[in-house]
Structure formats: C-alpha cells, structure tokens
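My entries follow in the order of the look-ups.

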Amino acid sequence: MSEISTRITVDPEQCGGRPCVRGMRIRVADVLSLLANGLSFEQVLEELPDLEAADIAACLLFASRRLDHPTLAA
C-alpha cells in the first residue's frame, strides 16, 4: 500500500468528501495552506499536534500527483 493510500483518506461523510489525513478532520488543503503561508514542517506539527511528519509529506505527494496530469487548453 502506498504512503498516500495509508495516510490520505476520502470519506463522503466527512469534510464534504475532501481528502483528509488518516481519517481525521484535518484536510489536505489545510496542511497545504499552512505550508503555503510560510509555516515550516515543525510549525505545522505544533499547530496540528495530531499530525506526524509523514502526514505532511503525504499531503505534498498527494497534491503533486493530483496536479501531474495533462490539461486541455481552452
């Protein structure tokens, strides 16, 4: 099982079906937003103490894989 499939979960009954970390109500988007706003891994872990460093890495990998697909030009 890949790191993404063990760390990132999607449940239509939770957070509107948005990807979350290990079944918790911590959305991948929330983690990415904290990183985009300049927080370090360590600061994100302080802000969200239920997370593990591997969860943050899985969020980044999840996002990169979601963006790595061809798009059609308009």
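Entry 1, accessibility. I use buried for under 20% relative accessible area, exposed for over 50% and partly exposed for in between, with a 1.4 Å probe and protein chains only. With that rule, L61 comes out as partly exposed at a relative accessible area of 31%. L61 belongs to helix 4; helices here are DSSP runs of H or I with at least four residues, strands are E runs of at least two, and both are numbered from the N terminus. I also looked at what L61 comes up against: its C-alpha atom is separated by 7.3 Å from that of I4, 57 residues apart along the chain. For the whole protein, 30% of the 74 residues count as buried.

The model is predicted, so I note the limits: local features need pLDDT of at least 70, side-chain atom pairs count only at pLDDT 80 or more, and totals for chains, interfaces and linings use all residues. Residues are numbered from 1 along each chain as its sequence is written, and side-chain values use heavy atoms, with hydrogens and water left out.

The pLDDT is the predictor's confidence in each residue, from 0 to 100. I find a mean of 90 for the protein, with 91% of its residues at 70 or more. Helix 1 (residues 3-7) has the lowest confidence, at a mean of 79, and helix 2 the highest, at 98.

Entry 4, fold. I count 4 helices and 2 strands, and along the sequence they read α-β-β-α-α-α. The C-alpha trace spans about 40 × 30 × 25 Å along its principal axes. A contact means heavy atoms within 4.5 Å. Of the contacts between residues at least 6 apart in sequence, 40% join residues at least 24 apart.

How do helix 2 and helix 4 pack? I get an angle of about 100° between helix 2 (residues 28-36) and helix 4 (residues 53-67), with the axes 10 Å apart. Helix 2 is therefore roughly perpendicular to helix 4, a label for angles of 65 to 115 degrees. Axes are lines fitted to C-alpha atoms over the stretch in contact, and angles run from 0 to 180 degrees between N-to-C directions. On the helix 2 side I list V28, V31, L32 and L35, and on the helix 4 side I56, C59, L60, F62 and A63. These residues divide into 9 nonpolar, no polar and no charged. Nonpolar here covers Ala, Val, Leu, Ile, Met, Phe, Trp, Tyr, Cys and Pro; Asp, Glu, Lys and Arg are charged, and the others, Gly among them, polar.

I take a disulfide as a pair of cysteine sulfur atoms within 2.5 Å, and the count comes to 0. C20 is buried, at 1% relative accessibility. For C59 the closest cysteine sulfur is in C20, at 9.4 Å, which is too far as well. C59 is buried at 0%.

C15 sits in the loop between strand 1 (8-9) and strand 2 (20-21), and its phi is near 50°, a positive value in a residue other than glycine. R22, in the loop between strand 2 and helix 2, also has a positive phi, near 45°. R22 is partly exposed, at 31% relative accessibility.

How values were computed. Parallel < 35°, antiparallel > 145°, perpendicular 65-115°, else oblique.
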